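Reader: Hi! Could you walk me through this one? I'd like to go from a single residue out to the bigger picture.

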Amino acid sequence: MKTRLTAMLCLVAMLVGLAAGACAETMWVKTGNGRTLNLRSDCVKADNIIAQLPYGTEVDVIEYNGKHNWAHIECLAPNSGHVISGWVQLSFLSREKPGKYVPKKEGDAPVGGKTFEEINAAARAIKVLDEPYRTVIKTRKASNVVHLRMFPDTDAVYSGVYLCDTEIEVLAQSKTWAQVRIIEDGKVGFLLRKNVTPVEED
């Protein structure tokens, strides 16, 4: 009797596993304005972004949260090609592969509600330094990390995540942004000036 009960429990467990696997489906990132989608470590908006998925990224949905407004997904990392997993908002996924994003009209906001002109103005304000200088990253964020952005905007795609005290070389700067080179890997991108430790002048 005990052996039969054990066998039945094993069968039930196997069927549950198969059913869970069958729930996985392929979907694609489809944001309303062509921007990237934040991949988070948990199904809540917080300081928990682990990657940004470009518009049109193919993902495999593993499960949904209780309210069915978040999806736990797996996909290939945009930069490394390694498999990564996390949570995204379900409203930004599509069951049909989207075509290339085309702005509705010139001047549409591509990132974070800002126009192309506003983003270009922020970039033009950054001036190349006659003498680049070395310093380190600083942050008061609980996660102790900052994102190296592809262009000077807080909603821009980032190319790396770096810890506080990572050594950098500042190449150019404005009152708000700094263009920096990460010493350890040579990546160049933008950090908010508040995340760059100032260097005392003699």
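Reader: Where is Thr36 found?

Author: Thr36 is in the loop between strand S1 (25-29) and S2; strands here are DSSP E runs of at least two residues, and helices are H or I runs of at least four, numbered from the N terminus. This is a predicted model, where local features need pLDDT of at least 70, side-chain atom pairs count only at pLDDT 80 or more, and totals for chains, interfaces and linings use all residues. Residues are numbered from 1 along each chain as its sequence is written, and side-chain values use heavy atoms, with hydrogens and water left out.

Reader: Does Thr36 count as buried or exposed, and why?

Author: Thr36 counts as buried because its relative accessibility is 13%. Buried means under 20% relative accessible area, exposed over 50%, and partly exposed in between, with a 1.4 Å probe and protein chains only.

Reader: Which residues is Thr36 in contact with?

Author: Leaving aside neighbours within four places in sequence, Thr36 is in contact with Thr31, Gln52, Leu53, Pro54 and Val157. Contact means heavy atoms within 4.5 Å.

Reader: And what does Leu53 touch?

Author: Not counting residues up to four places away in sequence, its partners include Thr36, Val29, Leu39, Val59, Ile73 and Val88.

Reader: Which residues touch the most other members in the largest nonpolar core?

Author: That core has 15 residues, and Leu53, Val59, Ala71, Ile73, Val88 and Leu93 touch the most other members. S1, S2, S3, strand S4 (58-64) and strand S5 (70-76) each give two or more residues to this core, and S5 gives the most, with three. A nonpolar core is a set of buried Ala, Val, Leu, Ile, Met, Phe, Trp, Tyr and Cys residues joined through side-chain atoms within 4.5 Å. Apart from it lies another core of 12 residues, among them Leu129, Val146, Val180 and Leu191.

Reader: Switching to pockets, what volume does the largest pocket have?

Author: About 540 Å³. A pocket is an open set of points on a 1 Å grid over the protein atoms alone, where a 1.4 Å probe fits, with protein on both sides within 12 Å along at least five of seven lines; lining residues have an atom within 4 Å of a point. The volume is the space filled by probe spheres set on the points.

Reader: Nice, and which residues lie nearest its centre?

Author: Of the 30 lining residues, those are Asn38, Ile49, Arg149, Thr154 and Asp155.

Reader: Last one: how many helices and strands does the chain have?

Author: Two helices and 13 strands.
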